Amino acid sequence: MKKIFPSSFLTLLFVVSIFLFSSCSNVSAQIEQHSQWKTYTQPSDLSNVKVGETIKLYFEVDIEKDWYVYSSDFDKNLGPIVTEVAFEKSDAFEVIGGLKAVSPKKKYDDLWGGEYTYFVKKGKFYQVVKILKSTTTIKATLTYQECSEVSGKCIMQEPEFEFNIKAQATQTEKVEEKKEDKNDNQTPTTAQNDKVDENKNDDTNTEISNVVEITSNDSSLLENLTKTETTQTETVTLDKTKNYIPAGDPFKELPEVTTDLSGESESLWGFMIAAFLSGLVALLTPCVFPMIPMTVSFFTTRSKNRFEGIARAMFYGFSIIGLYTLIGFIVSRFLGDDAASILATHWIPNVLFFLVFIIFAISFFGAFDIVLPSKMVNNIDKQADKGGYVGIFFMALTLVVVSFSCTGPIAGSILVMSAQGEVIKPVLGMFAFSLAFALPFTLFAIFPSLLSSLPKSGGWLNTVKVVLGFIELALAFKFLSVADQVYHWGILDRPIYIVIWMSTAFFLGLYLLGKIRLPHDSVIEKLGVGRLLMAIASFAFFLYLMPGLFGAPLSPLSGYLPPQSTNEFDLVALIRGEENAAVNSKAKYSDILHLPHGLEGHFEYFEAIEAAKQANQPLFIDFTGHGCVNCREMEASVWNQPEILPLLKNELTVVALYVDERQELTEEEKYTSDRNGKEVTTVGKRNSDFQIRRFGQNAQPNYFIINPYTHQPLVKPVGRVSTQEFQAFLKKGIKEFQKQRLNNGL
């Protein structure tokens, strides 16, 4: 009998088991610690912090698997131990408020009869303190409880931390130090009198020191203080010609987001289904369809029995999936999110994709055939003749290579769709595509009798090829449109784009009716029902596009068409009384960027913050992009609804932040990002850096409602949602802002 496990393997397994058992025994006798802490301050560089200013002390914890740490923001009387911090008393600093937890998880427990908060894997707390002396050491002790539902244990911990603070001394502190030096040479009576005078005039000295500090060291601080007070008492006229962006890294000094932004992650099922359907479409191409019976005959003639045939067919199918998925892995692993963004928005890849699709479309029309070098194909095919599973793998590789001219554009479209900063999308997309592509080959290899039910190859396959050529011709202009919008070339505005699609649909209809014949077409003796229905659909699409020339939104296609603001004549806007407010606006970048539906807004965050403060409104942030299909669909089908548009116009200050805008920043505005150490040189890179660093998200569309006074989100963000969900999102954000405004007396 053949041994399944060699004796050497069993011996090794026994030794490892003994080692693990002894290790576990030793651990049980040690003091348990299932969380590791680290501390830092904000700002990290305290050399610019002045006495009298506040800083944040951060406590971050890494928690072991199956353990959690209770947070600090629930009822102490509930039952679990609340995380607390105690400071050693000192006159060098003042504790402001309590310990704050950053985005803990929430859970209701029936046993305790209440809701508590906790952290798993990672946790973060911070404490605000006011610095009263330039040099001090802050000693803190955390008291917290770490628990595990797996082991049933709860352990109390009390780690100690130290923060060494060195801040700038104020003018008053420097004067006091000189006085103390001088008092050392005075008589006790004189020193005592000076001390009495100092206590007597303490309030006056404090006010004078503040004035001296502001005027001599930071004149902008006085301007900001005055502006803040004025905002609360009188109307401020926003100077839209002023640059409100802070010098250097503009987002470095923003307060950390304390609002819980977590939510259900976006499902990839829709994307995978689309990729799967694309794989099914690829099967109908003339490069692939005739290979199905050829492939099946390879297995039926070489397999000794049915079981072996099934095993070989399964291996063949998995080889196809593996080859296509490998392409997705290479794109995601070695290109990365920055390269993916370039692939999606830079003019070079977009123009290249445009040309490739045009070439493939012309090839599908029959002008020429695209084939790979015969030497390359023959060498791969020779390997398939070696037999065994190696031969099957090379047979699968032969299929992938030979079918490239038909599957390349379709598979390439999936990779382009996935190039939005997602790492897992290319892999899953190519897996779904190849799964559909390999499925019939595998099934027909397992059940050869099904071949008799397939339609015979013939003229209908060339018709499929030509129809795909028309579709590729239309889709090619989407890539050119993206480059045109990002770089503002103005060569493919909405009317021109619609006319191209209308022409494509019209000639496709004529072709299906047999009025146009291409080189490889067979003579049509009679028109089939299928061709007639497809021709009717093509002409209907032609008529549907026509109102778009006069401003009709064409909502289902809005993601593929250029923005409506590029329409030279918008009859719909004139009828509704919607003028393009952004054209006449003085907002920064309004000469190249526009909002839809006559909305007046902004395209730079800090300028929009000032405008929102002036209007005393919440700030609506639209993270968008020129090449974002879902962004255009939301604007065309949701923003224009009567229950949505008035809220955007009257209740919110709107800012659209384009993450793919290639407008160069000025030399003063360029900075190096803390996120990846790269220099930020364009408006789009700055907006993208802001979205990722501030909110930990990089998808578009992405909508936030912000309190302009605190820079904190008022509600959880949303992406592409229904009109009802979007309305609820806007109303909830407006209501929360009004509540906070009343609580803070704004």
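Which residues is Lys-124 in contact with, leaving aside its neighbours within four places in sequence? In the predicted model, these residues are Tyr-40, Tyr-58, Phe-59, Glu-60, Lys-100, Ala-101, Val-102, Phe-119 and Glu-256.

Strands β5 and β8 run antiparallel and are joined by six bridges, with β8 spanning residues 122–131. Within this part of the sheet, Ile-96 is found opposite Val-128 of β8. In general, the strands of a sheet pair through backbone hydrogen bonds, in either a parallel or an antiparallel manner.

Side chains of opposite charge can pair when their charged atoms come close. The model contains 13 salt bridges. One of them is formed by Glu-60 and Lys-124, whose closest N and O atoms are 3.5 Å apart. Because Glu-60 belongs to strand β2 (residues 54–63) and Lys-124 to strand β8, this pair ties together parts of the chain that are 64 residues apart in sequence. Both Glu-60 and Lys-124 are buried.

Lys-122 is exposed, its relative accessible area being 58%, whereas Asp-62 counts as partly exposed at 37% relative accessibility. Salt bridges with shared partners also join Lys-38, Glu-60, Lys-124 and Glu-256 into one network. In terms of polar contacts, the side chain of Lys-124 meets that of Glu-60 at 3.5 Å and that of Glu-256 at 2.8 Å. Another salt bridge is formed by Glu-667 and Lys-670, with the closest N and O atoms 3.1 Å apart; Glu-667 is exposed, with a relative accessible area of 60%.

Nonpolar packing was examined next. The largest nonpolar core comprises 52 residues, and Phe-620, Phe-726 and Leu-730 have the most contacts inside it. Two or more residues are contributed to this core by each of the helices α18 (605–615), α19 (629–639), α20 (645–651), α21 (683–695) and α22 (723–744), and likewise by each of the strands β12 (619–624), β13 (653–658) and β16 (702–707). Apart from this core lies another, of 28 residues, which includes Phe-93, Phe-125, Phe-161 and Ala-167.

With residues up to four places away in sequence not counted, Phe-620 touches Trp-639, Leu-648, Leu-652, Thr-653, Val-654, Val-655, Tyr-703, Phe-704, Ile-705, Phe-726, Phe-729 and Leu-730. Helix α22 also holds Lys-731, a partly exposed residue with a relative accessible area of 46%. The C-alpha atoms of Lys-731 and Leu-647 are separated by 8.2 Å, although the two residues are 84 residues apart along the chain.

Definitions and conventions
Residues are numbered from 1 along each chain as its sequence is written. This is a predicted model: local features need pLDDT of at least 70, side-chain atom pairs count only at pLDDT 80 or more; totals for chains, interfaces and linings use all residues. Side-chain values use heavy atoms; hydrogens and water are left out. Two strands pair if DSSP finds at least two bridges between them. Helices (H or I, at least four residues) and strands (E, at least two) are DSSP runs, numbered from the N terminus. A nonpolar core is a set of buried Ala, Val, Leu, Ile, Met, Phe, Trp, Tyr and Cys residues joined through side-chain atoms within 4.5 Å. Buried means under 20% relative accessible area, exposed over 50%, partly exposed in between (1.4 Å probe, protein chains only). Contact means heavy atoms within 4.5 Å. A salt bridge is a side-chain nitrogen of Lys or Arg within 4 Å of a carboxyl oxygen of Asp or Glu. A polar contact is a pair of N or O atoms within 3.5 Å; within protein, one must be able to donate a hydrogen and the other to accept it, and residues adjacent in sequence count only if both atoms are side-chain atoms.
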